[in-house]
Every structure is written in structure tokens, then in C-alpha cells.
Amino acid sequence: MTSAYPYGQNPKNSSWLNWYNTDSRNILRVQDHDRRLKLLKQGNLAVVSFLSEMPQSKHDIHSFTVDLNISTPQLLLLNVSGMFRELRSGHKTAPIRHFFRSLVIVPAGSGFCIANEQLHVSNATEQQAKLAFKTPIIQTPQPAPELNAAPPAAAIPPVVPMVDDNTKQQMIQTMSQQSGMNLEWSQKCLEETNWDFNRAAFIFTELQKQGTIPAEAFVK
């Protein structure tokens, strides 16, 4: 993650970026090799834990833009940017920030995995702040009357991706290695989240913070 103030914006007269600057991995500023490694978040648990510690925020979905730079069966490279309002920041008025995320996505099992991500956070410019959280008015054409309307189709239940046994065993081993839990509890955690590894890692992190995971889960 990196952070910076927009060009021409004075940090003394604008919303400070202290939280983001503390964990900023801008290699032009961070010269110490050990600190560079420390600021690099690797593994599902480390990433989910870092995201859960970030300031609470509310995003303006109408400001989102997505650029797909590379699309192949083996790799996706895309950029996502937009605006968000930071909540409980200590400011009198909740500051509006701008984010830019660059993601490298690769196939993993029956789905996909974010192999690398870079996040950049800055304050919104004056023009961006004016346009943020303004719902755009979209003129929709009136639908033409249907002469022979077909009966409504039955609702289709969501499709749950199937995970084969080999993939499940790999996920159990990875969860056990990254969480420190034994194989039995790692399997329970994955089964309760329908084998969604990222969700399982997030729930583990939250429960560990609350201290509700029994000691027997870590006995190997």
C-alpha cells in the first residue's frame, strides 16, 4: 500500500493521511530493507487481518471505474478506482478519499485468486469531493408493451462451486499452516464457510481477535 497527498494540496490544511502513511510501502521513501519486507503483506491471513484493521469506510459505487488491461485464460490484470468516505477518522467532517487498486488475478482450483495487489490512497481533489456520493440521474426509456408476455421463469438457485477432494485437502493444509490450527479444526472452519477460503480466513481472524477459538484447535 502507498499513500500521498494530491499535487498542490497542503497536508496542514487538509485531511491527514497518518494511518495510511504509517503503513505506506513507498520504496522511494522506505529505504530500510527489513521494513520493506515487514510492510509487504503475504498470505491470506496477513492480508485479511490488514484489511480488517483499516479505518471503516463507505464507498461511492457510482464513482467506480474498472480498466481491464490484460485478459487471458491464465491471468487477469485490472485496475479499480473510486471514492470513499472514511468513518470515525477523528475529523470534524468525515474526509473523502480516492483509492486506486491494481490486481493480478490467476486461476486457483475451481475459482480465482488474487496473486498480487497494490493499493494507493490519497485525498480527493476539490472537484472529486464535489461529485462524490451524488447519485447520477439516468434517463431510462419506457419499455414497449409486450403483446405475448411469457410467464415468469422460476427462480434459479445460486450455483455453489464444486471443490474436488484433492483441492479440499490442499486448502485444509494451507489453512492449518497459516492459522496454526490443527487439521481437524481447519477442516471445520472451511466446511462452515462452504469451502470459501478467503471467508474462512476472515472469520478465523475475527474470532481470534475475540479470543473465542478454543485452545484445543491449536493442539497438533
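In the second largest pocket, the lining splits by class into eleven nonpolar, four polar and two charged residues. Here Ala, Val, Leu, Ile, Met, Phe, Trp, Tyr, Cys and Pro count as nonpolar, Asp, Glu, Lys and Arg as charged, and the others, Gly among them, as polar.

You're looking at a predicted model, where local features need pLDDT of at least 70, side-chain atom pairs count only at pLDDT 80 or more, and totals for chains, interfaces and linings use all residues. Residues are numbered from 1 along each chain as its sequence is written, and side-chain values use heavy atoms, with hydrogens and water left out.

**Exercise 1.** Find out which residues are closest to the centre of the second largest pocket.

*Solution.* 
- Start with the term: on a 1 Å grid over the protein atoms alone, a pocket is an open set of points where a 1.4 Å probe fits, with protein on both sides within 12 Å along at least five of seven lines; lining residues have an atom within 4 Å of a point.
- Next, the volume (the space filled by probe spheres set on the points, which are joined across faces, edges and corners) is about 410 Å³.
- Now pick from the 17 lining residues: L51, M54, S57, H59 and R101 are the closest to the centre.

**Exercise 2.** Work out which element gives the largest share of the lining of the largest pocket.

*Solution.* 
- This pocket holds about 1500 Å³ of space.
- It has 43 lining residues, and N44, C113, I114, A115 and N198 are the closest to its centre.
- Elements are DSSP runs numbered from the N terminus: helices (H or I, at least four residues) and strands (E, at least two). Those giving two or more residues are α3 (44-53), β4 (96-108), β5 (111-123), α5 (165-179) and α7 (197-210).

**Exercise 3.** Describe how β4 pairs with its partner strands β3 and β5.

*Solution.* 
- Two strands pair if DSSP finds at least two bridges between them.
- Take β3 (residues 75-86): ten bridges join it to β4, and the two run antiparallel. Across this pair, M83 stands opposite H98 in β4.
- Then take β5: it's antiparallel to β4 too, over twelve bridges, with F100 opposite H120 in β5.
- Last, check the turn: β4 and β5 make a hairpin with two residues between them, and G109 there has a positive phi of about 60°.
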